[in-house]
Amino acid sequence: MSGSALDREWTAGSLLRFALPSVAMMIFMGLYTAVDTAFAARFVNTDALSAINIVCPAVNLTVGLGTMLGAGGSAVVSRKMGAGETQEAREDFTLLVLLGAAAGFLLLLAGAVWLDELIFALGASPRLFPYCRDYLAVLLWFLPANMLQTMFSNLFAAAGKPGLGLGLSVLAGTANIALDWFFMALCGLGVRGAALGTGLGYLIPAASGLAYFMRRGGALRFTRPRWRRPAVRESCLNGSSEMVGQLAAAASTFLFNRAMMELLGEDGVAAITILIYSQFLLNTLYIGFSIGVAPVFGFNWGRKNGARQKKVFSASVRFLAAASVLVFLLARLGGPWIARLFAGESARVCQIASEGFSVFSYSFLFCGLNLFTSALFTALSNGRVSAALSFLRTFGLLAGGILLLPRVWGVMGVWLAVPAAECVMFSVSAACLFRFRRQYSLF
């Protein structure tokens, strides 16, 4: 793939410019997700906000599968293009997109058949069940589109077109916000309107991505697929850490909801919802940067260009250090304002969430390196290490903290769970980077 946007010398400035569209794309996705939930609280009530968080694990599963195939496939495709195997990369790319679409339709079918059982299993109380059902019954129909948009957000970077992903995300997010307002504020559809606006927003990048990759002029485009089990297996293995991350997000959301329901009831669930969505919004800076630079690492690894790899890694670490301090200060100082933005007229929910931010914000000092390290090993086709890091960070440390700390410190234990997990994981991530520094020419 000579002539690719990935095949060049990198400076700190050029790397940041290349990653910027992915960063902006993820930040915008976080913003319109936050607006989506804020509208639900404002135009319906905080019970609607809680309900959206209750059913969030079902959406996490779709995003997890899409990210696994998209991020893992991006590593495989980028490496093959870097090695000059362009046609094989196109065939693998097409195959993975077809598998993703099929998985989305299977999830839609399963959700439609077992909808009520799923909602109760996710922990909905009788008071929240009607809101949960109204929301998920609509959103289910858009799961295949969500699967494709998630995959394309990773694969646009592999195609050397991160700016296109940004443009589509901005368009989809703007449409989502406008449709949410229209369906909820004007039409009075409640949480069904929120789901409908979100689902229609999924369709824009999904349909546009399909149209773009059908073009004949692009280096990465659809072609007749060939079944290659090793490529599928490697993509799934490489992206397994991202899948683990989403499954863990689903599990931790479930555990957070259960803990807060027991300690503070529905208002507690609304408060933890505010923190979870705020965490996603603030983490988008790290996630977007990791998505943006991942194909660069994969391409250089395919070319065996250690000098370039070291420059890219050095610039990445410097960016993460500065971003971590910035995001921490934003969360620490702006937490009460964010809580008021979501909670609306509910003073109790606002107070609970504001207290949580005073502790929760310290997690942002550590999670940037943790997210980047997992994504880096995915890009380097070392899915085992990436998955192990993701599993330890989420299922091991975070889930363990949510289960144990509230038993000792009550609500304060809930707020401490995330900073404690991220702090321990920071040391593990740094040790892993040091262990593999020579093998992957990191420093």
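1. The largest pocket comes out at about 260 Å³. A pocket here is an open set of points on a 1 Å grid over the protein atoms alone, where a 1.4 Å probe fits, with protein on both sides within 12 Å along at least five of seven lines; lining residues have an atom within 4 Å of a point. The volume is the space filled by probe spheres set on the points, which are joined across faces, edges and corners.

2. Before going on: this is a predicted model, with local features needing pLDDT of at least 70 and side-chain atom pairs counted only at pLDDT 80 or more, while totals for chains, interfaces and linings use all residues. Numbering runs from 1 along each chain as its sequence is written, and side-chain values use heavy atoms, leaving out hydrogens and water.

3. Back to that pocket: 14 residues line it, with Leu 31, Leu 281, Trp 337, Ile 338 and Leu 341 nearest its centre. H12 provides the largest share of the lining, 6 residues. Helices here are DSSP runs (H or I, at least four residues), numbered from the N terminus.

4. The second largest pocket holds about 210 Å³. Its lining includes Pro 57, Leu 61, Trp 114 and Ala 250, and helices H3 (56-82) and H4 (86-113) each supply at least two of the lining residues.

5. Phe 213 is worth a look. Beyond its neighbours within four places in sequence, its contacts (heavy atoms within 4.5 Å) include Phe 93, Phe 152, Leu 155 and Arg 221.
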